[in-house]
Amino acid sequence: MITIPYLTALTTYFSYGLLFAFGQIRDLFRKILDWWSADNLQGYAPICLGLEDFYIRRLYLRIQDCFGRPIASAPDAWIDVVERYSNDNNKTLKRTTNINRCLNLGSYNYLGFAASDEYCTPRVFRSLETFSASTCSTCVDGGTTVLHNELEECVAKFVGKPAAVVFGMGYVTNSAILPVLIGKGGLIISDSLNHNSIVNGARGSGATIRVFLHNTPSHLEEVLREQIAEGQPRTHRPWKKIIVVVEGIYSMEGELCKLPEIIAVCKKYKAYTYLDEAHSIGAVGKTGRGVCELLGVDTADVDIMMGTFTKSFGSCGGYIAGSKELIQYLKYTCPAHLYATSISPPAAQQIISAIKVILGEDGSSRGAQKLARIRENSNFFRSELQKMGFEVLGDNDSPIMPIMLYNPAKIPAFSRECLKQNVAIVTVAFPATPLLLARARICISAAHTKEDLIKALEVISQVGDLVGIKYFPAEPKKQQEEDGRLKLD
Amino acid sequence: MSKLYVHAAPPTDLNKNTEWFMYPGVWTTYILILFFSWLLVLSLFGCTPGMAWTIVNLCHFAVTYHFFHWKKGTPFAEDQGIYNRLTWWEQIDNGKQLTRNRKFLTVVPVVLYLIASHTTDYQHPMLALNTLAVFILVVAKFPNMHKVRIFGINADH
């Protein structure tokens with residue numbers, strides 16, 4: 001549930017209408033001018049229809065400098081951002097050799113493993129010397145090293161399932177597994193705000209897709225009842241399989257999934273559950289084991305648990321954890337296991353070392369410290385932002401906090417002003433989010449110190465006043481008034 | 001300035017081209033745009049109010065016919081062209097007919113027609129043009145016209 005000030009909604013629609021109108025007028029003139037000049041197509045058909053890339057040409061390119069900024073260092077708490085300039089109003093951007101050292105509020109660096117770590121990095125270098133940078137083979141042919149087997153056991157033990165299989169890329173894990181698990185005659189019910197990889201995998205599977213209102217178990221029950229009663233489209237035969245796909249933490253909202261209620265509904269109607277823990281594994285829960293631990297759900301109740309290693313473990317790749325029979329089946333059928341190169345050995349070693357640190361098996365308490373620090377940092381930052389009057393989404397304990405911007409003009413304004421003050425923030429607009437609800441997304445890390453967070457709060461408060469995004473009334477500063485009265489006495 | 005807030009739950013529409021129409025505030029913005037464009041026409045051309053309403057009605061006809069019933073597909077490529085054969089009117093509400101949004105969009109041209117013809121006192125050239133506009137717009141929005149291409153106009157090759 002998002003609370004939008006009514007006037008802001010009206011002005012946002014009007015702004016997008018104006019941008020759309022200007023884009024259409026410019027396209028019209030471009031078409032007229034191109035009609036007079038000869039085309040260089042030489043008889044071939046054009047690559048894309050003019051209307052398909054309208055959004056990119058007329059809206060995205062105008063604020064292109066806010067996206068895709070090249071970086072020149074590891075994505076630690078502070079990051080080097082390369083400066084760019086444009087001579088033709090942002091249609092093309094040229095890199096300079098200047099570098100700005102900025103506070104990094106955009107990387108998924110939840111536990112601080114993104115930069116050099118005293119336990120992980122020496123071991124990664126050793127594995128690089130032993131196994132080299134790539135296995136140069138698929139998992140089935142010659143690409144399964146002892147590291148891969150150790151990694152799969154490690155992940156299965158960490159997540160709390162009997163077995164796991166690991167892939168080289170996180171996006172591919174979703175989009176190549178869903179077509180293998182379910183096919184034509186099956187039903188996939190997915191949350192309306194699921195990630196693009198799940199949507200892609202679901203579309204590629206050939207199953208029927210139904211969507212339920214975001215995080216609303218009652219609507220999920222309604223959809224399940226309706227679909228089970230109706231059966232397959234046209235033939236009305238019973239569905240071969242029903243899979244319900246939800247995420248642990250939604251990356252654009254920072255909200256936790258209502259897992260216990262959803263599992264209860266799925267068990268009642270005998271549907272399988274698929275939990276995508278890309279953002280929650282390693283970042284939430286007392287020992288970092290994800291939403292199941294945080295919400296008190298038994299891992300045996302979730303049928304398929306998926307996650308990625310890019311966020312909390314500072315590596316790359318994804319995993320699927322489930323029962324032994326399921327993993328065995330996936331190893332025989334999944335194209336990502338049979339035809340894609342296996343995960344790079346140094347990356348695998350980084351994950352194994354990171355898991356050891358989190359569990360405290362390296363002999364120190366750094367893992368527990370990191371988990372406690374990210375929880376403190378997130379709760380502190382979120383409460384301070386809310387006190388200043390920003391509209392911040394997300395639940396407590398979640399390290400992702402989107403700040404709502406709404407108007408399309410505030411997106412580049414917020415992004416550029418923050419960059420001028422050396423704070424690197426990621427802004428997200430259409431089509432990753434709904435048209436109205438553009439936002440600036442902040443990812444807190446365990447590597448951020450208190451001073452970093454206070455500096456970030458000052459900059460964001462200043463820029464927020466300048467851009468005008470403090471949509472809620474700010475809490476009055478009671479502390480200062482009391483101090484003033486004491487001083488008078 | 002009283003701060004009015006509205007609550008919005010994200011709708012279950014997978015088509016990003018039409019999903020924005022299900023949020024609160026769209027209807028009000030539409031009506032306000034029509035009203036302000038009437039004021040703009042009045043101030044630019046200095047004509048009678050009835051003539052201004054006629055101009056607004058005809059421009060509204062041209063713009064909404066082009067964008068709702070002529071242009072097909074979506075302005076971005078992420079959906080890989082699954083809506084390339086459908087106009088915006090056929091895409092909204094996932095193809096379901098007679099929803100609240102569709103009823104509102106059908107009523108707006110009729111109300112504009114009534115205002116335009118009343119303020120021009122039903123005089124001859126304006127009345128014919130206004131009637132033609134409302135006739136075409138309302139017929140294009142009938143449920144029976146879903147995915148119908150008359151004489152193959154605007155059909156795919």
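## Exercises: a sheet and a helix pair

An open sheet of three strands in chain A runs in the order β2-β3-β12, with mixed pairing. The model is predicted. It scores ipTM 0.91 and pTM 0.87.

**Exercise 1.** Find which strands of chain A are the edge strands of this sheet. Then work out in which sense β3(A) and β12(A) pair.

*Solution.* 
- Start from the order, β2-β3-β12 in chain A.
- An edge strand pairs on one side only; β2 (78–85) and β12 (423–424) of chain A each do so.
- Take β3 of chain A, residues 94–104. Its pairing with β12(A) is parallel and spans two bridges.
- Locate a residue position: Asn104(A) lies opposite Ala424(A) of β12(A).

**Exercise 2.** Which residues of α5(A) meet α6(A), and how many nonpolar, polar and charged residues does the contact have?

*Solution.* 
- From α5(A) come Tyr171(A), Asn174(A), Ser175(A), Leu178(A) and Pro179(A).
- Their partners in α6(A) include Asn196(A), Ile198(A), Gly201(A) and Ala202(A).
- Sort the contact by class: five residues are nonpolar, eight are polar and none is charged.

**Exercise 3.** What is the average pLDDT of chain B?

*Solution.* The average is 89, and 97% of the residues in chain B score at least 70.

Methods
Residues are numbered from 1 along each chain as its sequence is written. Chains are lettered from A and ligands numbered from 1 in the order in which they are written. This is a predicted model: local features need pLDDT of at least 70, side-chain atom pairs count only at pLDDT 80 or more; totals for chains, interfaces and linings use all residues. Side-chain values use heavy atoms; hydrogens and water are left out. Two strands pair if DSSP finds at least two bridges between them. Helices (H or I, at least four residues) and strands (E, at least two) are DSSP runs, numbered from the N terminus. pLDDT is the predictor's confidence in each residue, from 0 to 100. Contact means heavy atoms within 4.5 Å. Ala, Val, Leu, Ile, Met, Phe, Trp, Tyr, Cys and Pro count as nonpolar, Asp, Glu, Lys and Arg as charged, and the others, Gly among them, as polar.
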